[in-house]
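Dear colleague,

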Amino acid sequence: MSMRYIIIGAGSAGCVLANRLSADPSSQVLLLEAGGRDINPLLHMPAGLAQLVNNQTINWAYYTEPQHHLNERRLYWPRGRVLGGSSSINAMCYTRGQPQDYDDWAAAGNSGWSYDDVLPYFRRSEHQQHGESEYHGAGGPLDVEDLRYRNPLTEVFVAAGVASGFRHNQDFNGERQEGIGFYQVTQRRGRRCSAAVAYLNPVRSRRNLHVITDALVQRIVVKQHRACAVEYQHNEQQCRVDCDGEVMLCAGAIGSPQLLMLSGIGPAEHLHELSIPVIVDLPGVGGNLHDHLDVCTLYKCKMPVSYDFTALQRAGVALRYLFTRNGPGVSNIAEGGAFICSHYSSGHRPDIQLHFVPAQLDDHGRNRLPGHGFTIHACYLHPRSRGEIRLRANRADVPPLIQPNYLDDGMDMDMLVEGVKISRELASASPFDAYRGAEVFPGTVLRSDVEIAQFIRNKAETIYHPVGTCRMGQDRNAVVDNQLCVAGISGLRVVDASIMPALISGNTNAPTIMIAEKAADLALGRITAGRSAVNMTRSS
C-alpha cells in the first residue's frame, strides 16, 4: 500500500502530524518510530523522570565529541527513543520563548513565522487549566497545568527572587516573560501529558493511521528529485514503503540531519568521504547546531525537606502517587524558574533562564550526593557558539558525530559566569536563611571570574535544547524554506526543532509542537504563503 504521508519519528512533532494529517480518512498515514511503546509506568509518573536518565530502552543516550572549551569532556545528551520522543522523558516545563525570537525568524526572511503568526498555533495546541485568553487556548490536545504539589523549597526560591528585586511572574508565556515564578507543566490530572498522550492516543483507532514502533529508518528514497519511499528495519527485516504524497522528517535536531545525509542530501564533500551518492549538495545540513549549556549552583539544605529521598522514601512517594495522584510523585523536579535580564541585556529581553530543583542534581542526577540540598540551574538563552552534526558511518545504527562547540564564542562563557553570580545572589537572600547550608558547587573558595569559569569548564552540561541543524531560511546554507520543504527535493519536509534558525528563549518542547501544528496546515494547503490563518476549532 502506498502512503499519502510517511512521518519519520513519533516525537513531539511526529505525534502532532499523525493526529492532524490522519483527520482526513481518505489519506493513508504511516508513523515510524525507532523506539518502542510508552508502556513503562515511570514515563507517566512525572517524578519518574529521575529514574529514567540512564534507561537506554527509551533513550538514545548520545554523547558529544570531546569539548575543547570544557576540558575535553564528552557531554551526555539524552534524547527520547519512545512514543512521544523527548516529551516522554523531559521535565515537562511549558515555555514558548519570547515574541522577539519569532519576529527575528521572520525578519531573517522566513515570512509567516513572526510571533503574531505562530501564536495561534500555540493556542490551538493548548488546553490551559486557567482557560482561554489572548495568549492561551482551551480545548486543545495538550494539557498545560499548574503543579499539583510543590516542594516548600521552591516556594522559598520564588520568595528569594522577590526579595532580591525580581518581578513575580505568574505566567512566563503571557504578556511578559521576565520575572521569577513557578513553571506550568504538560500534565493531565497529575500524569505526564506527552505528545503521544495528547495527540496520538486519542486517534490510534483511526483506520487510516498506521503506527510502527521499533522501526529504524535507514534512508529516504529519492527519484528524480522527489521523495518517493522510505526504507527501514523492523524485526530484523529490511522494509520499504512507497509514498505518493509527502515524507515528513521529524527525527529531531540529531536524527533529521543524520537521515538527510544518509539519503544523499547534505554537504557533498562529507558524503563523498562516506561513499554516499550525492543527490543534492546542501552544505547547511547538520550545521548551525546550538544548545543551551547549563551550569548548576548547588547547596546543602539544613532541613530534610528536599527530594533527596532514600530508597524506602521513594517507595512511599510512589505509593502515595498511585493512590492519590498527588505528592512529590507529581513533581516535574524543576518546579521553579526565572527569566532574568543580566547587565549585558538590552531593554527588557531576558538573557538568562533559571531552573530551580529542590534536590541535589549533579551529572543529570546520575551522581547521587548524600544528605539534602537544592540546585539552581542557569543557562544563557541566546548562545553564540555553533557546531555541527556529521556522520560517523553510512549506517543508521551508528550514532552520528555530535560537535556542539560549546563556549567557542567567549560571550557564552561570560554569560554563564553571570548566571552563577545571579544564582548565588538568590541563594543568599534572606528567605533561604533557615534552609541554606554549605555551598557544594562551585564552592565558596571559588570567587573570581577566572575561578568560576574554570568550574564551568569542569561541570557545565546540556539542558537538553539542541536545535538548528536543518535551518529554515533563504540563503545557501539554509536547508528548508518557510514552508519547511527541503531545498532541491519535492515531497519532503523537515518538521522539528532542527528547522529553528535560532534557539528560542526557553524550553523547546512547546515550540516544537507549534512548528508541527503549523506544518500540518502547510501540508494540507490551508496556508500557502507562510502566513497563518488558523481555524481555531480545537478538535483531536
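Predicted model: local features only at pLDDT ≥ 70, side-chain atom pairs only at ≥ 80, totals over all residues.

Across the whole structure, the search turns up 15 aromatic pairs.

One of these pairs is formed by W77 and Y406, whose ring centres are 6.5 Å apart and whose planes stand at 65°, so the pair is edge-to-face, given that planes over 60 degrees apart are counted that way. W77 belongs to strand β4 (residues 76–77), while Y406 is in the loop between β21 (401–403) and α10 (410–427), so the pair ties together parts that are 329 residues apart in sequence. W77 is buried, with a relative accessible area of 1%, and Y406 is buried as well, with a value of 4%.

Y102 and W105 make another pair, with ring centres 5.1 Å apart and planes at 70°, so this pair, too, is edge-to-face. Here both residues lie in helix α3 (residues 99–107), where they are 3 residues apart, or about one turn of the helix. Y102 is buried, with a relative accessible area of 0%, and W105 is buried, with 1%.

The charged end of R150 is placed over the ring of F182, at 3.5 Å from its centre, and that of K518 is placed over the ring of W113, at 4.6 Å from its centre.

Definitions and conventions
Residues numbered from 1 in each chain as written. Heavy atoms only, no water. Phe/Tyr/Trp six-rings, centres within 6.5 Å; stacked < 30°, edge-to-face > 60°. Helix = DSSP H or I, 4+ residues; strand = E, 2+ residues; numbered from the N terminus. Buried < 20%, exposed > 50% of the residue type's maximum accessible area, 1.4 Å probe, protein only. Lys NZ or Arg CZ within 6 Å of the ring centre and 35° of its normal.
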